[in-house]
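Open the structure in a viewer and keep the selection panel at hand. The stops below go from one selection to the next.

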Amino acid sequence: MKLLENKVCLVTGASRGIGRAIAQSMAEHGASIAFTYLSSPDKAKVLEDELAANGVKVKGYQSDASDFAAAEKLIADVLGDFGKIDVVVNNAGITRDNLLMRMTEDSFNEVIRTNLNSVFNVTKAVQKSMLKERNGSIINMTSVVGVKGNAGQANYAASKAGIIGFTKSVALELGSRNIRCNAIAPGFIETEMTDVLNKDVVAQWREAIPMKRGGTPKDVADLVVFLASDMSSYITGQVIHVNGGMLT
Ligand code: NAP
């Protein structure tokens, strides 16, 4: 059963990792896909071809989600190319880990701008067209770290906690117009973002997870498909965890 036929979905940061899996799953479910990337044009081209093999309309846009004006242009371009936007997945994100003692102002601001300002930028830019359609699902990628905190990630945790407050506020503001806004909090998902971590630390993390494994990007993508679809039409303002029981 295809859950996203006739829907136009925009995914930020889809050239790799979780965003890539989200774009793939949404295309398999019949959605037209607009996606963004920042520094990986070659990977984006490969993804465009792969997604188009599902017989859906696809376009990749090089766009910095942390830049307010670029986000406004992105939404105008996607609306011009696709006619409407039903679903936005604010997925683009970075880490710049360090203990607070060594964290620079620049690395704090860079993470807040890329992870949190981006969610504001894209959501604000898309809001008008969703209001006009009286329809929309906005899905924001937070993290277990935004709920629990993590030593060495004060910048990242602050950005991800900010996303939760933003998500709930948008859900309250736009619910009466049939626009839903939810957040997904992945636990430990094995991607390029986590490949840089120490192998022993990763083994310890897997052992501490009740399901004894890291998550896959598809584990997260499956929830995105559900939240994007009409199967979740009465779910808004929620933070849904995908973490193998990590925080239980
Ligand atoms: P990843 O493999 O590092 O991929 C990050 C993606 O974001 C890339 O496509 C990158 O594009 C894009 N990006 C970065 N800065 C951008 C910007 N300013 N504008 C537009 N795109 C930008 O990361 P991931 O592990 O898939 O994580 C995806 C999301 O899930 C992030 O928000 C992350 O915080 C969250 N998350 C991940 C985990 C985990 O365990 N992996 C856990 C919890 C939450 P380029 O390739 O073009 O640079």
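The tour visits the nonpolar cores and then the cysteines.

This is a predicted model, in which local features need pLDDT of at least 70, side-chain atom pairs count only at pLDDT 80 or more, and totals for chains, interfaces and linings use all residues. Residues are numbered from 1 along each chain as its sequence is written, and side-chain values use heavy atoms, with hydrogens and water left out.

Select I22, M26, I33, F35, V89, I184 and V224 first. These have the most contacts inside the largest nonpolar core, which has 33 residues. A nonpolar core here is a set of buried Ala, Val, Leu, Ile, Met, Phe, Trp, Tyr and Cys residues joined through side-chain atoms within 4.5 Å; buried means under 20% relative accessible area (1.4 Å probe, protein chains only).

Next, colour the elements that each supply at least two residues of this core: β1 (8-11), α1 (17-28), β2 (32-37), α2 (41-52), β4 (87-90), β5 (136-141) and α9 (217-228). Helices (H or I, at least four residues) and strands (E, at least two) are DSSP runs, numbered from the N terminus. The most comes from α9, with seven residues.

Centre on V224. Leaving aside residues up to four places away in sequence, V224 touches I22, M26, V89, I139, M141 and I184 (contact: heavy atoms within 4.5 Å).

Move to Y61, A71, A125 and M130, which are among the 21 residues of a second, separate core.

Finally, select C9 and C181. The structure holds zero disulfides (pairs of cysteine sulfur atoms within 2.5 Å). The sulfur of C9 has its closest cysteine sulfur in C181, 15 Å away, too far for a bond. C9 is buried at 0% relative accessibility, and C181 is buried with a relative accessible area of 0%.

Definitions and conventions. Buried means under 20% relative accessible area, exposed over 50%, partly exposed in between (1.4 Å probe, protein chains only).
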